[in-house]
Amino acid sequence: MEQDHCNHKTKHRPDTEYKALINRLNRIEGQIRGIKKMVESDTYCTDILTQVSAVTAALNAFNRELLASHIRTCVAKDIRDGKDETIEELVFTLQKLMK
C-alpha cells in the first residue's frame, strides 16, 4: 500500500485518493458549468437555486473526504511525533469550515 507523505504545507496522496478527489472536483466543475448555462438561458430562479444547493452539498462532501484523510494521515502522524501545533492548525481549519 502506498503511504501518504505529509510535509509542511504539501502532501503526496496515494493514487486512489488523488483520483477520487479529482473525480469529485470534475463533477463539481460540471455542475458549475451547468449553472452558468442555466443563467445564460434564463432558467427560473428556484431551479438555479436548487442546482446551487446541490453544488454546495458536493463541495461539503469533498471537504469531509479531504478532512477525514488529513486527520487520519498528517494530523495523526504529527500528534504521534509530538507536534502539538498541528492540533491548533486543525482547530483553525475547522473554525474556517464552520463559518
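Which residues make up the largest nonpolar core? Leu21, Ile28, Ile35, Met38, Ile48, Val55, Ala58 and Phe62 do, 8 residues in all. A nonpolar core here is a set of buried Ala, Val, Leu, Ile, Met, Phe, Trp, Tyr and Cys residues joined through side-chain atoms within 4.5 Å. Helices H1 and H2 (45–80) are the elements that give two or more residues to this core. In soluble globular proteins, nonpolar side chains tend to be buried together.

The model is predicted; local features need pLDDT of at least 70, side-chain atom pairs count only at pLDDT 80 or more, and totals for chains, interfaces and linings use all residues. Residues are numbered from 1 along each chain as its sequence is written, and side-chain values use heavy atoms, with hydrogens and water left out. The mean pLDDT (the predictor's confidence in each residue, from 0 to 100) is 92 for the protein. Of its residues, 93% reach 70 or more. Among the elements, helix H1 (residues 15–40) has the highest mean pLDDT, 97. Strand E1 (residues 5–7) has the lowest, 70. Where pLDDT is low, the predicted coordinates should not be read in detail.

The protein contains 3 helices and 2 strands. Both kinds of element are DSSP runs numbered from the N terminus: helices are H or I with at least four residues, strands are E with at least two. From the N terminus on, their order is β-β-α-α-α. The radius of gyration of the protein is 17 Å, well over the 13 Å that the globule rule gives for 99 residues, so the protein is more spread out than a compact globule. That radius is taken over C-alpha atoms, and the rule is 2.2 Å times the number of residues to the power 0.38. Along the principal axes, the C-alpha atoms fill a box of roughly 55 × 30 × 15 Å. Buried residues account for 22% of the 99 residues. Buried means under 20% relative accessible area, exposed over 50%, and partly exposed in between (1.4 Å probe, protein chains only). Among contacts (heavy atoms within 4.5 Å) between residues at least 6 apart in sequence, 47% join residues at least 24 apart.

Helix H1 has 26 residues, which at 1.5 Å a residue should span 38 Å. The expected span is 1.5 Å times one less than the number of residues. The end C-alpha atoms of H1 are 37 Å apart, in agreement with that value. Glu17, Leu21, Ile28, Ile35 and Met38 are buried in H1. The buried residues of this helix pack against strand E2 (10–12) and H2. Tyr18, in H1, is partly exposed at 48% relative accessible area. Its C-alpha atom is separated by 26 Å from that of Gln51, 33 residues apart along the chain. Arg27 also lies in H1 and is exposed, with a relative accessible area of 52%. Arg27 and Leu97 are 70 residues apart in sequence and 21 Å apart in space, C-alpha to C-alpha.

H1 is followed by Asp42, found in the loop between H1 and H2. Phi of Asp42 is positive, near 60 degrees, in a residue other than glycine. Asp42 counts as exposed, at 69% relative accessibility.

In helix H2, Phe62 counts as buried at 12% relative accessibility. Leaving aside neighbours within four places in sequence, Phe62 is in contact with Leu21, Arg24, Leu25 and Ile28. The C-alpha atoms of Phe62 and Leu21 are separated by 7.1 Å, although the residues are 41 apart along the chain. Val55, another member of the core, touches Ile28, Gln31, Ile32 and Ile35, not counting residues up to four places away in sequence.

With 11% relative accessibility, Ser69 counts as buried. Not counting residues up to four places away in sequence, Ser69 touches Lys11 and Glu17. The side chains of Ser69 and Glu17 make a polar contact at 2.7 Å. Such a contact is a pair of N or O atoms within 3.5 Å; within protein, one must be able to donate a hydrogen and the other to accept it, and residues adjacent in sequence count only if both atoms are side-chain atoms. The C-alpha atoms of Ser69 and Arg13, 56 residues apart along the chain, are separated by 9.6 Å.
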